[in-house]
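Hi there,

Here is the structure I promised to pass on to you. Please have a look, and then read on for what turned up in it.

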Amino acid sequence: MPDTIETSVLDDLEEAVGADFLVELIETFLAEAPGMMADLQAGHDSGDTDGLRRAAHSLKSNASTFGAPILAEAARQIEVGGVGASPDATLGAVADALDAASVALRERINA
Amino acid sequence: MHDAPARLLIVDDNRVNRLLLSRSVELLGYQATVAENGRVAMELMARERFDLLLLDIEMPEMDGFEVLEAISCDPSLSDMPVIVTSSVEGVDNIVRCIDLGAEDYLPKPVNQVLLKARLGSSIEKKRLRDEQKVLLRRFATSEVAEDLQTSGFALGGTRVNASILFCDIRGFTAISENQPPEETIELLNVYYTLMFEAIDSHGGIVSLMVGDGLMALFGAPKPLDEPARCAVSAAHDMIEMMEHFNVERQAMSKPDIRIGVGIATGEVVAGYAGTDQRATYTCIGDKVNLAARLEAHTKVAGHSVLIDDATQAALNGSPQSTSLGTTAFKGFSDPVEVFSV
């Protein structure tokens, strides 16, 4: 099982952009993430496959930036293959991974 | 030499990505502007000049592919380097970006070292292209420069319907003999500036400058709706400009400068002539010879602007012209009817 957050990715990012900016970046993500999750759900509910793919793509992209491999993979599966045969489980996996990643990212900025 | 930092436009619908990319390029010394989708980016590019575009693919309203297509269709943007930054899935999507004209592709999350290298190289290449363009425009007209950039260089010509204008200063040799050479150069510079402006503002290009004589083309390399009318309007502007210039010269007790203009219209062959190393955009045909003869004939006829029958016919009576009868010109088997306009 991969880590929720790969510390080395965040360390590299911090070195590249500075500690204060990393905090700002994480706070931005934490503020935007519920909206992306809502877009994902809305895309599925309304049958908007483009919207669904874009929301999944966006989450995947940010998850990779912050070194959150579980979230990145869960989002990527929706991006390339949609919600599949059991949409609730697929969307639930993303929501769980996002919650876990958010907790870990919050810990990082409060540390 | 290039003190101002390069201006980058970052196009991404994701706020975290916009923030991170802006910060990354600013740390590299560039100036960043952001747009949240392709449509906003196109609006910004219509108003402001950017040196490079960092473009995401997956975006609402107008995606990255559509932006690449729009840029390639817009001559004012087509030489702007675009680096696609995306975590889009599938090699075929990356290939599509490159096919649509993207200079490079950087996968997200963007590696800072790679970003620095790619930006540096793209911006330097753009700077060299811009410099080349400036040089090209100094030695060729903007139309010829544009033609060279879009169609490339190839010796050879195409048949076009054009008007040819010849112009020179009456008694230039006598004028230049009676004043220091520095003053003659100064006079020529003012004269050329005025003539170029008149020709340029009516869609013509100057294809040849020899001493005080010049040859201009109307209708090549870019076709004009009414090349004859444009050439005649340019000639009238040239005469008017010289009159203003003479008022200034009179104030300095200098002799008036008179010019003569000859215009002929018809089919000519226009294109690049010379060698692969050194060539010029010019046109060839008996109408070119005729325009030169008409210009020389202004001295004899005592009129400043002389045109051939084809030019006169194309004017449809406005502005009015007066027939001066037919004249036999050297190199032409039949006499030619000459008009003053």
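To start with a question: which side chain does Lys126(B) meet in a salt bridge? The partner is Asp130(B), with 3.0 Å from N to O. Before going further, please keep in mind that this is a predicted model.

Both residues of that pair sit in helix H5 of chain B (residues 112-139), 4 residues apart, or about one turn of the helix. Lys126(B) counts as buried at 6% relative accessibility, whereas Asp130(B), at 23%, is partly exposed. The pair also belongs to a network of salt bridges that takes in Arg49(B) and Asp51(B).

Other salt bridges

Over all chains, the search of the whole structure gave 26 salt bridges. One of them joins Arg108(A) to Asp11(A), at 2.9 Å from N to O. It links distant parts of the chain, since Arg108(A) lies in helix H5 (residues 87-110) and Asp11(A) in helix H1 (residues 7-17) of chain A, 97 residues apart. Both ends are partly exposed: Arg108(A) has a relative accessible area of 23%, and Asp11(A) comes to 39%.

Another one runs between Glu58(B) and Arg53(A), whose closest N and O atoms are 2.5 Å apart. This pair crosses between chains, from the loop between strand S3 (52-55) and helix H3 (64-73) of chain B to helix H3 (residues 49-65) of chain A. Glu58(B) is buried at 8% relative accessibility, while Arg53(A) is partly exposed at 28%.

Two helices of chain B

Helix H1 of chain B covers residues 15-27, and its 13 residues reach 18 Å from first C-alpha to last, close to the 18 Å expected at 1.5 Å a residue. Just after the helix, Gly29(B) takes a positive phi of about 95°.

Among the buried residues of H1(B) are Val16(B), Leu20(B), Leu21(B) and Ser22(B). Ser22(B) has a relative accessible area of 12%, so it falls under the 20% limit for buried. Its side chain reaches the backbone oxygen of Arg18(B) at 2.7 Å. Leaving out residues up to four places away in sequence, Ser22(B) touches Ile10(B), Ala32(B) and Val34(B).

Helix H9 of chain B (residues 227-251) should span 36 Å for its 25 residues at 1.5 Å each, and its end C-alpha atoms are 37 Å apart, which agrees. Just after H9(B), Ser253(B) has a positive phi of about 55°.

The nonpolar cores

The largest nonpolar core holds 36 residues, and those with the most contacts inside it include Leu165(B), Cys167(B), Tyr191(B) and Met195(B). Several elements of chain B give two or more residues to this core, including strand S6 (156-169), helix H8 (181-200) and strand S9 (259-274). H9(B) supplies the largest share, 10 residues.

A second, separate core has 35 residues, among them Leu13(A), Ile26(A), Ala33(A) and Ala74(A).

Technical notes:
Residues numbered from 1 in each chain as written. Chains lettered and ligands numbered in written order. Predicted model: local features only at pLDDT ≥ 70, side-chain atom pairs only at ≥ 80, totals over all residues. Heavy atoms only, no water. Expected span 1.5 Å × (residues − 1). Buried < 20%, exposed > 50% of the residue type's maximum accessible area, 1.4 Å probe, protein only. Core = buried A, V, L, I, M, F, W, Y, C linked by side-chain atoms within 4.5 Å. Polar contact = N/O pair within 3.5 Å; in protein donor to acceptor, adjacent residues only side chain to side chain. Contact = heavy atoms within 4.5 Å. Salt bridge = Lys/Arg side-chain N within 4 Å of Asp/Glu carboxyl O.
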